Amino acid sequence: MAWTKYQLFLAGLMLITGSINTLSAKWADTFSARGCNGEPEHAFSHPFVQAVAMFLGEFSCLGVFYILLCHDRRRPEPNMSTGESFSPFLFFPPAMCDMLATSTMYVALNMTSASSFQMLRGAVIIFTGLLSVAFLGRRLKLSQWIGILVTILGLIIVGLADFTSGHHDDTHKLSDVITGDLLIIMAQVVVAVQMVLEEKFVYKHDVHPLRAVGIEGFFGFFVLSLLLIPMYFIHVGQLSNTPRQVLEDALDAFCQIGYRPLILMALLGNTVSIAFFNFAGISVTKEISATTRMVLDSLRTLVIWAVSLALGWEKFLGLQVLGFLVLLVGTALYNGLHRPLLARIPCCAGLAAVEEDSSVEEERERLLGDGRVATSDES
């Protein structure tokens with residue numbers, strides 16, 4: 001069935017805003033400007049300030065939710081569910097995981113390339129799969145286990161591409177690139193914990209995804225903004241690229257923004273894009289399918305890579321191409337994208353049908369075990 005204009009708009013919005021989100025964060029890292037009190041020009045290296053800007057974007061999703069809710073209430077027959085009553089503090093633990101993971105990834109993005117950053121985030125399916133088995137009692141299908149193994153292989157290839165190349169560009173040392181890659185993978189463990197916490201304690205309350213993202217954004221924005229105060233006084237030596245060598249120097253960030261207003265443009269791009277990306281992603285899942293959302297997310301990696309190459313932020317690496325393709329196969333296997341392809345092959349059609357039935361039966365058992373049918377999309 002052909003897509004409608006609205007569906008094409010949503011798909012394009014998700015692809016563009018998702019790409020802008022990573023590219024704008026990397027763009028901010030490329031700037032240099034003078035600091036406070038006559039400090040000489042130095043690189044803009046403020047990952048925690050960037051994370052605060054990102055959480056502000058997530059927080060704005062709460063406003064979008066209430067705008068949509070008010071619009072829906074004006075209809076003759078409102079159909080937008082507000083879900084059950086719940087305590088907003090249910091979102092505090094996953095929000096803290098989000099804060100830790102996001103801050104870590106922004107630190108890593110300052111060390112490695114935007115393409116490696118996006119590719120290595122695919123490691124999340126490994127840890128999500130393992131934790132869902134351990135803590136949610138889920139049974140992974142054979143194709144999902146194979147997808148996890150293929151993803152591990154893809155991560156190794158991407159890591160080797162970074163290691164053997166020596167430098168992705170002229171600004172990152174090899175030690176920084178390797179450290180950044182490891183930080184990204186470590187952050188995916190925290191992201192997986194966040195997903196498991198959300199599924200086990202939050203989604204059973206049928207919370208609208210935009211509302212969930214907005215509440216988590218509020219907690220992340222509020223807590224991390226407060227943490228910027230002690231970070232200003234914590235000396236970390238050579239681990240920091242700021243003149244005062246502290247964990248985060250927010251005042252230095254504001255001074256640099258004052259001297260180079262384009263930095264503010266990059267931060268606003270990050271803030272606005274994450275809000276639209278969350279809205280578009282949720283809408284794509286609802287209006288088209290979760291599989292389409294996964295495919296668009298993979299295309300986002302390709303766009304980020306192409307733009308980074310065009311802007312000269314990194315160099316072309318053949319081994320990285322192979323790593324991306326392997327990661328793409330692993331993600332497709334884990335998310336069941338191979339089933340429609342198997343169904344077209346006569347000798348494999350029965351296998352695809354059995355796997356599909358098994359998937360449906362497992363989902364039914366999980367929903368019956370919860371005692372309710374969740375209607376919200378995954379944020």
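Hi everyone, let's begin with one cysteine: Cys36 has a relative accessible area of 17%, so Cys36 counts as buried. Before I go on, please keep in mind that this is a predicted model.

What is Cys36 joined to? Its partner is Cys255, and the two make a disulfide with an S to S distance of 1.8 Å. In case the word is new to you, a disulfide is a covalent bond between the sulfur atoms of two cysteines. This pair brings together distant parts of the chain, 219 residues apart. Cys36 sits in the loop between strand E1 (32-33) and strand E2 (42-43), while Cys255 belongs to helix H9, residues 250-259. Cys255 has a relative accessible area of 24%, so Cys255 is partly exposed, whereas Cys36 falls under the 20% cut-off for buried. The torsion about the S-S bond is about 95 degrees, and therefore the disulfide is right-handed. The count of disulfides comes to one.

Cys70 is partly exposed, at 47% relative accessibility, and Cys97 is buried, at 14%.

Now to the salt bridges. How many does the structure hold? There are five, and I will show you some of them.

Let's take Glu199 and Arg138, whose side chains meet at 2.1 Å, N to O. This pair also links distant parts of the chain, 61 residues apart: Glu199 is in helix H7 (residues 174-202), and Arg138 is in the loop between helix H5 (124-135) and H6. Both ends are partly exposed, with Glu199 at 24% and Arg138 at 28%.

Next, look at helix H11, residues 290-310, which holds both Asp297 and Arg300. They are three residues apart, about one turn of the helix, and their side chains form a salt bridge at 2.8 Å, N to O. Which of the two is buried, and which is partly exposed? Arg300 is the buried one, with 4% relative accessible area, and Asp297 is partly exposed at 29%.

Another bridge joins Arg73 and Asp72, at 3.3 Å, N to O. Asp72 is buried at 3% relative accessibility, while Arg73 is partly exposed at 42%.

The elements that give two or more residues to the patch are helix H6 (142-165) and helix H12 (318-334). Which helix gives the largest share? That is H6, with four residues.

For my last stop, we go to Gln50, in helix H2, residues 47-73. Is Gln50 buried or exposed? Gln50 is buried, because its relative accessible area is 1%, and the cut-off for buried is under 20%. What does Gln50 touch? Leaving out residues up to four places away in sequence, Gln50 touches Ala25, Ala28, Asp29, Phe44, Tyr106, Leu267 and Asn270.

Key: Residues are numbered from 1 along each chain as its sequence is written. This is a predicted model: local features need pLDDT of at least 70, side-chain atom pairs count only at pLDDT 80 or more; totals for chains, interfaces and linings use all residues. Side-chain values use heavy atoms; hydrogens and water are left out. Buried means under 20% relative accessible area, exposed over 50%, partly exposed in between (1.4 Å probe, protein chains only). Contact means heavy atoms within 4.5 Å. A salt bridge is a side-chain nitrogen of Lys or Arg within 4 Å of a carboxyl oxygen of Asp or Glu. A disulfide is a pair of cysteine sulfur atoms within 2.5 Å.
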